[in-house]
Amino acid sequence: KFNPIRIEYIKLNIVKHFNINNSKKPLKNLSLLDIGCGGGLISESLAKKNAKVTGIDENIYHIKQAKEHAKISSLKIKYINQSLDSFFNKNKKKFDLILCLEVLEHVNDVEKTLDKITKLLNPGAILILSTINRNLKSLIFAKIFGEYILNWIPIGTHQFEKFLKPEEISELLKLTKIKIKKIKGLEFNPILNKWLLSENTDINYFIVGKK
């Protein structure tokens with residue numbers, strides 16, 4: 001339920017940022033890095049639009065899953081079982097777009113992580129982040145409800161103290177010369193039983209930045 005709205009928002013920002021008019025192959029020749037790609041759901045959707053996708057994840061099981069599914073779907077995606085630190089040290093390539101979705105709330109040093117990410121961007125490239133705000137509302141709904149009541153994610157997945165306020169990320173991105181283009185919230189509508197974009201950033205939110 002979470003992925004369709006994320007994919008829609010990502011594609012919308014890519015098309016707008018790069019002023020793309022090709023509806024059949026809108027992401028052709030754009031190099032994309034998906035950090036914490038998991039099983040490849042986002043990577044695949046963008047590869048289908050002809051983006052040149054590299055996906056990295058520390059979890060070998062996720063990478064194996066992603067590789068197998070890409071093979072079944074006949075998609076050329078470069079999946080690598082590496083941490084961002086390891087990838088940063090070995091990789092020589094820069095990217096037109098970097099995705100870092102639901103990753104920052106799990107890292108120990110956000111400032112260093114963002115510094116590495118922005119150094120992997122081409123001039124004029126965009127960065128799309130999504131994470132969880134830190135407040136009482138996010139503690140109740142993202143942590144307690146999400147893990148203990150609704151069982152959407154395994155217990156212990158999140159540590160509340162690692163949640164990040166939008167202004168905290170914005171300040172860190174300014175240090176790396178990234179210009180904030182947009183901050184957008186995500187809300188779950190229980191009546192419609194789906195996620196929707198919102199101006200409310202109290203819990204889940206996107207940040208889009210330009211180098």
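Which residue stands opposite Ile-128 in S5? Leu-99 does, and following that pair is a friendly way into this predicted model. Residues are numbered from 1 along each chain as its sequence is written. Because the model is predicted, local features need pLDDT of at least 70 and side-chain atom pairs count only at pLDDT 80 or more, while totals for chains, interfaces and linings use all residues, and side-chain values use heavy atoms, without hydrogens and water.

Let's look at the strands. S4 (residues 95-101) and S5 (residues 121-132) run parallel, joined by six bridges; strands pair if DSSP finds at least two bridges between them. Strands here are DSSP runs of E with at least two residues, and helices are runs of H or I with at least four, numbered from the N terminus. In S5, nine of the twelve residues are buried, meaning under 20% relative accessible area with a 1.4 Å probe, protein chains only.

Now turn to strand S6 (residues 179-189), where you will find Gly-185. Gly-185 counts as buried because its relative accessibility is 0%. Beyond its neighbours within four places in sequence, Gly-185 is in contact with residues including Leu-196, Ser-198 and Tyr-205, where contact means heavy atoms within 4.5 Å. Thr-131 lies 54 residues from Gly-185 in sequence, and their C-alpha atoms are 9.9 Å apart.

Finally, meet two helices. H5 (residues 110-119) and H7 (residues 166-175) pack at about 50 degrees, with axes 10 Å apart; axes are lines fitted to C-alpha atoms over the stretch in contact, and angles run from 0 to 180 degrees between N-to-C directions. Among the residues that meet are Leu-114 in H5 and Leu-172 in H7.

Notes. Buried means under 20% relative accessible area, exposed over 50%, partly exposed in between (1.4 Å probe, protein chains only).
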